[in-house]
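Have the viewer open while you read.

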Amino acid sequence: MTVAAIDSHAHLYFDRFDEDRDQVINRAKEAGFTGVINIGIDVETSSKVIDLAKKYPGFCHAAVGLHPTHSNLDEEDLMQTLATLESFCIENKNEVVAFGEIGLDYYWKDVPPEIQDRAFRKQLELARKLDLPVVIHCRDAWSDTLEVISEAGHGLTGVFHCFGGKVEEARRALDLGWYLSFAGNVTYPKAEELREAAQVVPSDRLLLETDSPFLAPQQVRGKRNEPAFALHTAEILAKVRKEGLNQLIETTTANSRKLFRLSEI
Ligand SMILES: [Zn+2]
Ligand SMILES: [Zn+2]
């Protein structure tokens, strides 16, 4: 099979990849992958994703941002963090292709919603200023996330990564003009609602991801996830959408290239 797949969301800087990161990247290349977007969650990891993009040029790309579960900062620290992230983007234009992951997460209760909201809105502003697409993390916070994007997301586009909503939420996100990305959890036997949502996404708005090292697809569930495993997710997406596997991979790759402007690099 000749594929040119892109894993639009991974965290290959995690120490769980320290022993064999080169092999993980080689396995992805051998499986036909042409790119992986690594996603930062705070200043330290945003610096790491840029390092990875420099180490694997043209293959690894970077997204920098402050994850909602890491946003419990006072005003001064938040402004300092955002200034650092902004300088990362400006100084590493060839590596940084998106801003994120940012958003709201009400599953973990560590950070009060209003604190998350402040960091989220400020980062949407920053993404607009930097002219970068946005990677959204939304967990158990659909109505607030969609509201913030409606209010503060004008002029922006991006992707709801690891989409975890229902058909209704998929339609609302699509109505805003954004992309939806599916991860390994769409392959889980109980994820019927996710597979229903995957069916309503137009071909030009669908992305593929792993969220490595998390959410390994059903066939390898329980293992550390890695980009090459996204092919299992692609198979299920192709099946439920009644498309050929190659067609699904081609369209998700074209969408990633367009959203993250990879051809301009
Ligand atoms: Zn996330
Ligand atoms: Zn992530």
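## The pocket

A note on classes before anything else: Ala, Val, Leu, Ile, Met, Phe, Trp, Tyr, Cys and Pro count as nonpolar, Asp, Glu, Lys and Arg as charged, and the others, Gly among them, as polar. This is a predicted model, where local features need pLDDT of at least 70 and side-chain atom pairs count only at pLDDT 80 or more, while totals for chains, interfaces and linings use all residues. Residues are numbered from 1 along each chain as its sequence is written, chains are lettered from A and ligands numbered from 1 in the order in which they are written, and side-chain values use heavy atoms, with hydrogens and water left out.

With that settled, the lining of the largest pocket has 11 nonpolar, 9 polar and 7 charged residues. A pocket here is an open set of points on a 1 Å grid over the protein atoms alone, where a 1.4 Å probe fits, with protein on both sides within 12 Å along at least five of seven lines; lining residues have an atom within 4 Å of a point. Its volume is about 750 Å³, counted as the space filled by probe spheres set on the points, with grid points joined across faces, edges and corners. Of the 27 lining residues, His-137, Arg-139, Cys-162, Asp-211 and Leu-215 lie nearest the centre. Strands E4 (96-105) and E5 (134-139) each supply at least two lining residues, and E5 gives the most, with 3. Helices (H or I, at least four residues) and strands (E, at least two) are DSSP runs, numbered from the N terminus.

## The sheet and its helices

The strands form an open sheet of 8, in the order E1-E2-E3-E4-E5-E6-E7-E8, with parallel pairing; two strands pair if DSSP finds at least two bridges between them. E1 (5-10) and E8 (206-208) stand at the edges with a single partner strand each, so one side of each has no neighbour in the sheet. On average, neighbouring strands are turned by 30 degrees against each other, direction ignored.

E4 and E5 pair in the parallel sense over 6 bridges, and Asp-105 has Arg-139 of E5 as its bridge partner. Helix H4 (residues 113-130) packs on the sheet and touches E4 and E5 (contact means heavy atoms within 4.5 Å), its direction making about 160 degrees with that of E4. Axes are lines fitted to C-alpha atoms, for helices over the stretch in contact, and angles run from 0 to 180 degrees between N-to-C directions. Helix H2 (residues 43-55) lies across E2 (33-39), E3 (60-64) and E4, at about 160 degrees to E3.

## The zinc site

What coordinates the zinc ion (ligand 1)? Glu-101 (OE), His-137 (ND1) and His-161 (NE2) do, at 2.0 to 2.1 Å. Donors are N, O and S atoms within 2.8 Å of the metal (3.2 Å for Na, K and Ca); water is not among the atoms, so sites may look incomplete. Along the chain, the donors follow the spacing E-x35-H-x23-H. Glu-101 also bridges to the zinc ion (ligand 2), and the two ions lie 3.4 Å apart.

Most residues other than glycine have a negative phi, and most peptide bonds are trans. The bond from Gly-100 to Glu-101 is cis, with omega near 15 degrees, and Glu-101 lies in E4. The bond from Ser-212 to Pro-213 is cis too, with omega near 10 degrees; Pro-213 lies in the loop between E8 and helix H8 (230-240). Asp-211, found in the loop between E8 and H8, has a positive phi, near 60 degrees.
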